[in-house]
Amino acid sequence: MRSHYCGEVNERLVGKTITLCGWVHRARNLGGMIFLDLRDREGIVQVVVHPEQKEIFKLAQTIRNEYVLCVTGKVNARPGDMINTKMKTGTIEVEAAEIKILNTAEPPPFVLDNYVPVSEDVRLKYRYIDLRRPEVFYRIQFRSKLVRAMHNFLDDHGFLEIETPHLTRATPEGARDYLVPSRVQPGHFYALPQSPQLFKQLLMMGGVDRYYQLAKCFRDEDLRADRQPEFTQLDIEMSFIKEEDVMQLMETMMQRLFKDLLEVTLPAFPRMTYAEAMQKYGSDKPDLRISLELVDVADLLKTVEFKVFSSVANDPAGRIAALRVPKGATFSRKNIDDYETLVKKFGAKGLAWMKVNDLNDVQSPIKKFLSDEIVHAILRRVGAQKEDIIFFVADNYRVTSESLGALRVHVGEKDASAWKPLWVTDFPMFEKVDGHWHSLHHPFTAPQDMNNLAHGLSHAYDMVLNGSELGGGSIRIDNIETQQAVFNLLNISEKEAREKFGFLLEALKYGCPPHGGIAFGLDRIAMMMAGASSIRDVIAFPKTATASCLLTNAPSTVSDEQLKELHVQVNTKE
RNA sequence: GGGGGCGUAGCUCAAUUUGGUUAGAGCAUCAGAUUGUCGAUCUGAGGGUUGCGGGUUCAAGUCCCGUCGCUCCCGCCA
């Protein structure tokens, strides 16, 4: 139908007759002459209708916004005073010789201009209209380019794209599963995959050597701005490799993606152990754009009168850390109250502070508990300067680190245009929560030291960018003894292990190559690279915070017939 | 599961603090005018279950209780 996209029309086409298809972005009727801004996915161009063309002119008078047109006409250069410098196609216009109204349109529920704000629920309900907006479409188009570049890179490096099942079995650990009832096997359920983890390991055992997939994953957990119930992972697995091989290759891939799509040169990714990340940044995904660091001060506070400090200082499981914020002495009472509210969200009981008016003049509600000597020792330790404020949290290691880490991100100044990637390595294998052991990564992660399984480190690694985890992976367990030892520690009985993971344990018997891999959150990467603030912006049809689709009204009730067929009974009374 | 914010015309908001006449504005829509506009302009018109349900009151958009929806955060997300 068309010969060119609207956005492609330029001065080189002047004098040529072209055909355009698209939507009427805006119609301006000046009485004696009509202008139509025609829009397609590549841009907008002005169509002019002159009254001499009587029939077309009459037709054009009936044209409203969002009508779908096919326009044929001659490209004319605009005289100097009629050039619109705000438009990419502002130096030319198309003089209509023929207009076909392919379809009419009712007025859209919102104006398709970026200067008019529209609430997100309205946009989602009419997503197909929202997608016509250039800035919305750009992000979807960007994602397509990103995915294409990933395919190209992995194909160039010998990876095979292989699909794994969506209908699979429920897993005992991890997130809540989305379940699918089986019709032919009453009372049995499939689960939608939380990730293709076990399948990709089985592919390695099948000799595939290098696998990747853009895998849809499903997790029935509460949502966040950067979390959807269904999301996409770039899932990768390799055989006969070590940790370093995976990290090197993936780092190269990420550098290539940034170069090709954003013309940004990423540096070599620094490495940081999990322990160091928690110690200095109070996070396993530190935002290195912020220069502030946490400093331990417990050793200085073991004997102080202030019980809140001294009791934690003498508890081996405790941590007292300080965060120095340059020029923070100007923070108001209200600011500090807000910061205290923030750290309390992470479980901290309070936020102590010290304003450094001068190195010999410190203002603080806890000053009365501290000798001058200790105050000076603290100032030296954190490198305090005039007009700084120093915040303190005293609690168990986790609460202190995470709460002060969150405060660091909240108050820290950063260059919003900077890209600061890194690898976080040497994660602990497990952590103990309420007396139960949990895998930090997942139960198939290889330990660094079999002799210190419970308290030792793993061969897991996370790629982190600007305070967000882009992806995480590990070298996997490749022998049945280690795998069983891990299940034991996680309190998964041999019977349960056989039942739930029997196929994996069986497979490990028949010759398993050393292997490992990584999975990236595609939505999150696309969001960050496209400069979006929510992953919903890089998903064509996203769900709301309560996991519903405002466009289709999913999830919905179903007929009794359907339920009966699936052998499912609904009990909504609780 | 817990906490915060929001919900008034098709859209974005005002009126809520301190209950009081007929709930306003801009954009959009419709009609008319208009030959160089480009977020066109000018004149006029139509448009409301104040999310929903209950309560207090002479009187509720405004106060109280419940409920639904959207959103952000904590928990959760191996």
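The side chains of Glu237 and Lys200 are joined by a polar contact of 3.3 Å, a polar contact being a pair of N or O atoms within 3.5 Å where, within protein, one must be able to donate a hydrogen and the other to accept it, and where residues adjacent in sequence count only if both atoms are side-chain atoms. This is a predicted model, in which local features need pLDDT of at least 70 and side-chain atom pairs count only at pLDDT 80 or more, while totals for linings use all residues. Residues are numbered from 1 along each chain as its sequence is written, and side-chain values use heavy atoms, with hydrogens and water left out.

Another polar contact, of 2.7 Å, joins the side chain of Glu237 to that of Arg476. Glu237 counts as buried because its relative accessibility is 0%, where buried means under 20% relative accessible area with a 1.4 Å probe and protein chains only.

The second topic is a pocket. On a 1 Å grid over the protein atoms alone, a pocket is an open set of points where a 1.4 Å probe fits, with protein on both sides within 12 Å along at least five of seven lines; lining residues have an atom within 4 Å of a point. The second largest pocket is lined by 29 residues, and His25, Arg39, Gly43, Ile44 and Pro134 lie nearest its centre. By type, its lining residues divide into 9 nonpolar, 7 polar and 13 charged; Asp, Glu, Lys and Arg count as charged, Ala, Val, Leu, Ile, Met, Phe, Trp, Tyr, Cys and Pro as nonpolar, and the others, Gly among them, as polar.

How values were computed:
Chains are lettered from A and ligands numbered from 1 in the order in which they are written. Buried means under 20% relative accessible area, exposed over 50%, partly exposed in between (1.4 Å probe, protein chains only).
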